[in-house]
Amino acid sequence: MAYKPYTHDVLIKNSNEILYDAEINLEQDKIVGFSSGAPGPKRFKSIVLPGLINMHSHLCFSKIKLDSQNLFSWLKDLVTESQKPEFLPSEQVSQGIQESLSYGTTFVVENTNYPFETSRALIDSGIKALMGIEIFGSDPNFAQKIFQEKIALLDSLPKDKNIFYALSPHATYDVSALLWKFCLEWSQKNNRLLLSHISESLAEEKWFSDHDSAESQLAKEFWASINSLEAKLDNWKKYKSSFDFLLQSNLLDSNLLLTHGVYLSEQELDLIQQYQIKLVTCPRSNEYLLNDQADIKNWQNKKIQFALGTDSKASNHDLDLREELKHLTHDLSSQEKFEMITIKAATMLGLDSEIGSLEQFKSADFVVLEILDLNNYQDLRNIDIFALALDNKKTRVREVFVNGSLVYKF
Ligand SMILES: [Zn+2]
């Protein structure tokens, strides 16, 4: 169903430009302009804003509920759950997509172990995505073989204008430096971000600094459960931290999109800035797995590019980006928060000429919010409209459009 112009009370084009009593005009899948509408009878009091961007998800784990616990025991439970016969990847992904759309998300960065099911569900739903195929493999002797298999798999996935494919080596503690190198070279050649997790937990950092610690024991139990890494420990002994692995392996590159970054040192953050590496924070997932939170104020001071993700629902309560924003440890202005889930994320993806704000010739990806709080409605021109638009209690997602087509309706 295509979009029919309505006069909206507020139309947020970007973090600097707001229109009142305005219509958004489309031609097929693009925005062609805006006009001021005559205030008249309305369906509901509405705010329109650009489609939201979730920079880190695993929609393939959207129906699994795991206990709040340490990263490595959580990973072990996740593997157990995903091996049960009732685990159906297509169902998991579809549920995750529907939930994402219901929260106004029109673009997801997805990391998946189930590329076929995930790409099919993404394409069928109309949502846009950068889909990374997750890669594991700690033994460098198998790096070439694993890489070639993943590339063959990627080449066989269905093509669609809404979906970009990428590689997602899982982390620096379970993918060999050689396999990382192959993945990075492919990403550079194909101009794609390389997705991964970095410095998510203390246990992970302990793993690098002290293989014999009590925390590392949990990691070893996880490896044993997936028959990985044993006897490969020596390959990791020279690295001091999860990030030092990348540094020593000459893997620092502006194509890296790294999620979490909770325990990065000052020097490591300086290198991240220097190499224009992009970071993603997932505050509720960090809480869920009993970790600290990323120091985003420091990231901001260092002028590091960063955005927001929910991570999987198996380590979060829901996939609501507006809820996620409430859990940032450092209070940003409502405009900065808005940018984090719109234009800044789009810029990190290299897609800011297409998405991330509502401008002429950009994609018609937008969210129609209903204002539930009438007191706010009365003085819309005098309030912080970004705060209202980000408030998931005072406003509710009524409709979501991608490429000018309705993909979700409340
Ligand atoms: Zn993740």
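This note walks through a predicted model, point by point.

1. **How to read the model.** Residues are numbered from 1 along each chain as its sequence is written, and side-chain values use heavy atoms, with hydrogens and water left out. Because the model is predicted, local features need pLDDT of at least 70 and side-chain atom pairs count only at pLDDT 80 or more, while totals for chains, interfaces and linings use all residues.

2. His 197 in strand 9 (residues 194-198) and Asp 311, in the loop between strand 12 (306-308) and helix 12 (321-325), link distant parts of the chain, 114 residues apart. Helices (H or I, at least four residues) and strands (E, at least two) are DSSP runs, numbered from the N terminus. His 197 is buried at 6% relative accessibility, and Asp 311 is buried at 4%. Buried means under 20% relative accessible area, exposed over 50%, and partly exposed in between (1.4 Å probe, protein chains only).

3. **Two domains.** Domain 1 covers 8-49 + 356-409 and domain 2 covers 52-348, with bounds from an automatic or database domain assignment. Their contact takes 29 residues from domain 1 and 26 residues from domain 2, where contact means heavy atoms within 4.5 Å. The C-alpha centres of the two domains lie 31 Å apart.

4. **What the domains bury.** Between them, domain 1 and domain 2 bury about 2,100 Å², 59% of it on carbon and sulfur atoms. Buried area is the accessible area (1.4 Å probe) that two parts lose on being put together, summed over both. On the domain 1 side, Gly 356, Leu 390 and Asn 392 lose the most area to domain 2, together 29% of what that side buries.

5. **Helix 3.** Several residues of helix 3 (residues 115-125) are buried, among them Leu 122 and Ile 123. The cover over the buried residues of helix 3 includes helix 2 (89-102), helix 4 (143-155) and strand 15 (405-409). After helix 3 comes Gly 126, with a positive phi near 90°.

6. **Salt bridges.** The structure holds 20 salt bridges, each a side-chain nitrogen of Lys or Arg within 4 Å of a carboxyl oxygen of Asp or Glu. Lys 145 pairs with Glu 149, with the closest N and O atoms 3.1 Å apart; these two are 4 residues apart in helix 4, so about one helical turn separates them. Glu 370 and Arg 396 also meet in a salt bridge (3.1 Å, N to O). Because Glu 370 lies in strand 13 (residues 366-371) and Arg 396 in strand 14 (residues 395-402), the pair ties together parts that are 26 residues apart in sequence. Glu 370 is buried at 13% relative accessibility, whereas Arg 396 is partly exposed at 30%.
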